[in-house]
Each structure stands twice: as C-alpha cells, then as structure tokens.
Amino acid sequence: MRADLVLIQDWITPGSRVLDLGCGDGSFLAHLKRTKNVRDLGLEIDADNIQLCLEAGVNVIEQDMDKNGLANFESGSFDTVVLAQTLQALHKPDEIVEEMLRIGRNCILTFPNFAYWRHRVSLLRHGRMPKSSSLPYEWYNTPNLHHCTISDFDALCARSKIRVLRRTVVDDKQHSSALMQWRPNFFGINAIYHITR
Amino acid sequence: MTTSVKQIPADSVGLVKPQKLHFAEPLTLRSGRKIDRYDLMVETYGELNADRSNAVLICHALSGDHHAAGYYDPANPKEKPGWWDCCIGPGKPFDTNKFFIVCLNNLGGCAGSTGPSSENPETGKRFGPDFPIIAVRDWVKSQALLADRLGIQQWAAVIGGSLGGMQVIRWAISYPERLRHALVIAAAPKLSAQNIAFNEVARQSIMSDPEFHNGRYYEHNTYPRKGVTLARMVGHITYLSDALMREKFGKDTATGRFGRDLRGGKLTFDFNESDFQVQSYLQYKGEAFSKNFDANTYLLITKMLDYFDPSVDYGGDLSKAFLTGSCKFLVISFSSDWRFAPERSRELVEILLKAKRDVSYLEIEADEGHDAFLLPIPRYMAALRAYMNRVADECMTAGGKS
C-alpha cells in the first residue's frame, strides 16, 4: 500500500462509508474493509485498475469525475471522501474539493507540495521544471495540471471557509520531522489534509 | 458412448437436454388475470452444491430462450451452441465447475414454455391474442416458483442482459432476500420514448401483415412472415452500431459503397433486388428469425418492455425500491450501445447509490452496439470472471450467507 495511505487510514472511522476518488487498484479500500469494516466505494477510470478492484472484491464505479463531475452522489452520503495524489491532475480541483465536501462529512486529501525546497532550487538555479520522487514526470508527459503548494491550499481553505481538522506534512517515506513542522511549505514533500466544513 | 461426430470444445457444457416443468397452481398476474396452469422449459448446467448456495439464474432477453449453453445434437456438426455459450461452461465466467446455472424460457415465450402459441385448455385452440398480458414482475414471480421447485431458497446471483437485466432489477425489488448478487448488463431502469417508438414500428409491421389475422393466424395455418421479418429488421438495426455496420458490410467501406459498385452504372428501380450488403443481411436475419419466432410472443414481449417501469410503485423514485435488501450489484454498459446506452445504466447506478447499495459499474469500450452483451469481448469476460470468482468464494466460505 502506498505510504500516504498508511498514514491516513488512522483518520478513517471503523464501520464508516468511504468513497475513494481515483481508487487505483482498490488495495486501500480492500485494506480498510478488512481492518475497519468500512462500506467501500471507489471511483476509477483506468480499465486495468477497475479489473483489479473487481478481483479484490472492492466496489468500483467507472466514472471520470473530470468529465462527468460527481453530481450522481447525494449530499452527505459518505462519511469520508478520499482524494489521494490526484488533486493536482484534475481540470477543476477547486470544484472537486467543493463536491467532496458536499458528499462527505469529512474529506482527506493528499498532494505533492510544489514549493518543496528542492523544487524551488531546480527552478531557481537550473531554470528547469522540478522533477523529484513526488513529481517524477517530464513537463511534457506529466498528468499534473494544477500544481499547488501547501500555502496555496491553505489559502483556498481560508477563502472557501473550509475547516482543516488535521494537517500532516511528510517526506517520501511518510516521515515527518522538526524541520517540516517548522516550515512545512519549504521542507514538506507531501501534504495530507483532513478537512470538513 | 462417445462416438463424437463433431468436436465439442473442452470448455463447453457439452450435450444438454431441456426439461419441461409443469406448474399446476394458478399464477395471478399483474394485470389481474390468471394463468391456471403452465409449463416452463428449463435447462440447467453444473451441479447444485450440498447447501444449495451456488445457484445462478440467467434471464434471457427478447428473443432468447432456455438454451443458453451447450449443444443438443451430437450428429449435427453445424449446430450452434446456446445463446450465451461464450459465458457459460467449465472455466468460463459463469463457471459450471462452481455454479449450478439455471436458464428458462419465460412465460409467454415460444420455445416450449406456455405462451400465445400454446393450446388454450379452455378452448382447445391456440391462445393467440387471448393470452394474458404479462409483466416483467410476473416473469420473476414464475422464476421464484421455479426456484422453489428446484429447492433454491436464494440465488448466488441473478444475471441478465437487456430485457434480462430488467428481470434482474425486478428480482432485487420483488424478492430482495432471495439473491446475493444482481448482474444488470446493457439494460435500463425503464424504456425511453425512442425505445417504445421502435417497438411500435415492430408491432405495426406485424399487425399490418395480411397473414396476421388478428393474431389467430394459427387457425389459418399461416403466420405473418413478412411482418415478423420487418419487425426483426428494425430491431436488428437497433442492436448494432453505426461503426459496426460500416465495418461489416463490404470491404470497400473506405469508399463508402457498402458492397455495391455504382460505377458500373447498374442502377435499377427494382426493389426486390438487394443493392447493398446491408439489405440482404437484414433480410436474411429477419427471415430466419420469422421462421422460428412466434409473432404473438414478439408482440407480447415488446409490450412487456414498454410497460417496464418499476418506479411506478414508488412515486417515480426508484431508489425507494432498493431501500430493503442487501444484494450487491454489478452494472455493465457498452460504449456503442444506443438501444440502452451507457447513460441508462448510469441512471440505474445513481438510483442504487441513492439507496446506499453496494454497486460496481463498468462501461466497456466496444463497437458491437447493444449486441455486445452477448459477445466474448475480452474486458467484459475478464470482469464477469473476476466478479463471479468472488461470488463463488462466498458460496464456499459462507455457505450462502444472506
């Protein structure tokens, strides 16, 4: 299981209803089902991943939230809505965040922090688009459309009156450090938010 | 003795034999009328396990019947297998090594079950137009009685495509405690105006055939061949996609001539001749169908389709129908299906989500139109296999928990 998911599983209430947007192969939901007895549902667009979800016995819906939105989900119909490492690849990330807050009582988001100091150095010193373990792509083949920083996301939360329940900033191995706590937007590689309204 | 005249594939259920089961108890129909006694033609594949937890019901569509898999005649090398043979058999998605699979010809059909072409015991003549109108819920009711007869309290899964999928929807509403999984393929929660329009053209073509005789053509020793042919031709167009027809009819489709070389200057005002491949194809399909399918059954079943709308009992909100029950759903649609397009399946998914039911949904990329649900499209087969493997695991571990 991806490391960011290991961290956020503690934020999921046992027996709750969880919607995982961009659920991949469904391993996170399968794990939550096993360990926390959640009612699971994943959204996915990749045919191979959907097949893996079926094999894992995870409920999965083939739906492109960028194209079709999330209007087919009723308000408050899930306890937790998860969007892991996908925010930056959406066409209208702010609208999806709004929809997540409408559908779920609380939401968990993870995204790579574009303002991580190595990324800054790459631009500043080399004048090249940053590449790192959290941003492994070239500029021309990246699926990421809307890079954002921790400060950017905090600003969005403030403007949209989103309550941040918890925020963790971690490195690739999902470890935090004093430096990251001191200057999250400078030292943090990945941001993990638990939000509600 | 296996003196095999023809090669039956190893993953086939092999030679099968239908059974005719008689039901002597009257069945009260939605219309208020009754069928006093009736027969159902049934085929089964695989073995029912000790705790009777591995039974699967296959529901057929408009023109289907009980013969879903396998062969009848060991001497006929040209015989085609049952209509869903690609899915049913040892090692196939509906694996006969794991499941006991039941398929029946529905009431009102023309493949051996009691229908308009059966003899009416009251008159000694064929029912014809006197046969009562049947609703999808009546079919499901008769299927539940069949389950009772076979000793099946709860189906591991009920599966169907198109009109078959509508029976699955009805199962989950009428008998929510009697199935654990509902597989609804290429279906819709109700028909659209366009669907009904096509059905109406089909019915009008049958009824306008002089050989129809108000549905009593049996007594005139004839049948409305032309009317049924035409009805099927129209129906068939709606089962295919534009892309598939382009591809299918003529190697010269790149030039858009579809099997007809107009450069030769051979233009005629003769309408008995087929200029284009698609014409002779539809004629052939339609005529072959008209020989085997009863016109009154066609009329009856298109009416059933038109009337299908389980939301009427729930003030138009179908999600309320799914508030009881815990069966899980797998909904599948095909990208080029315009008879019951993916949007129609998404409607159903939305309804199920609103009712907080467990549902998975796949939209399979396929050029074959509505007919895709009958075909061994790799992604479709893999998905059915994966899902049914989970269903089989449940049968093993839980012994059919409800």
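Student: In this predicted model, how many of the residues of strand 9 of chain B are buried?
Tutor: Strand 9 of chain B is mostly covered, and the cover extends to both of its faces.

Student: Which residue of strand 10 of chain B stands opposite I159(B)?
Tutor: Strand 9 of chain B is joined by four bridges to strand 10 of chain B, residues 181–185, and the two strands run parallel. Within this pairing, the residue of strand 10 of chain B that stands opposite I159(B) is L183(B).

Student: In which sense, parallel or antiparallel, does strand 5 of chain B run with strand 9 of chain B?
Tutor: Two of the residue pairs can be named: the bridge partner of V56(B) in strand 9 of chain B is A157(B), and L57(B) stands opposite V158(B) in that strand. Strand 5 of chain B is joined to strand 9 of chain B by four bridges, and the sense in which they run is parallel.

Student: What is the bridge partner of L57(B) in strand 8 of chain B?
Tutor: Strand 5 of chain B also pairs with strand 8 of chain B, residues 100–105, in the parallel sense and over four bridges. In that pairing, the bridge partner of L57(B) is V102(B).

Student: Why is strand 5 of chain B largely enclosed by the rest of the structure?
Tutor: Both faces of strand 5 of chain B are covered, with A55(B), L57(B) and C59(B) buried on one side and V56(B) and I58(B) buried on the other. Strand 5 of chain B, residues 55–59, is largely enclosed because its buried residues number five of the five.

Student: Is N221(B), where phi is near 50°, buried or exposed?
Tutor: N221(B) likewise has a positive phi in a residue other than glycine, and its place is the loop between helix 3 (193–207) and helix 4 (225–239) of chain B. Because there are 6 other C-beta atoms within 10 Å of N221(B), and 12 or fewer is the criterion, this residue is exposed.

Student: How are helix 3 of chain B and helix 4 of chain B oriented to each other, roughly parallel or roughly antiparallel?
Tutor: The two helices pack with their axes 7 Å apart, at an angle of about 165°, and helix 3 of chain B passes helix 4 of chain B in a right-handed crossing. Since angles over 145 degrees fall in that class, helix 3 and helix 4 of chain B are therefore roughly antiparallel.

Student: How many charged residues does the contact of helix 3 of chain B with helix 4 of chain B have?
Tutor: Among the residues that meet are F198(B), V201(B) and I206(B) in helix 3 of chain B, and V228(B), L230(B) and V234(B) in helix 4 of chain B. By class, this contact has nine nonpolar and four polar residues, and the number of charged ones is no residues at all.

Technical notes: Residues numbered from 1 in each chain as written. Chains lettered and ligands numbered in written order. Predicted model: local features only at pLDDT ≥ 70, side-chain atom pairs only at ≥ 80, totals over all residues. Buried ≥ 20, exposed ≤ 12 C-beta atoms within 10 Å, placed from the backbone. Pairing = 2+ DSSP bridges. Axes fitted to C-alpha atoms, helices over the stretch in contact; angles between N-to-C directions. Parallel < 35°, antiparallel > 145°, perpendicular 65-115°, else oblique. Left-handed = near helix turned anticlockwise from the far one by under 90°. Contact = placed C-beta atoms within 7 Å. Nonpolar A, V, L, I, M, F, W, Y, C, P; charged D, E, K, R; others polar.
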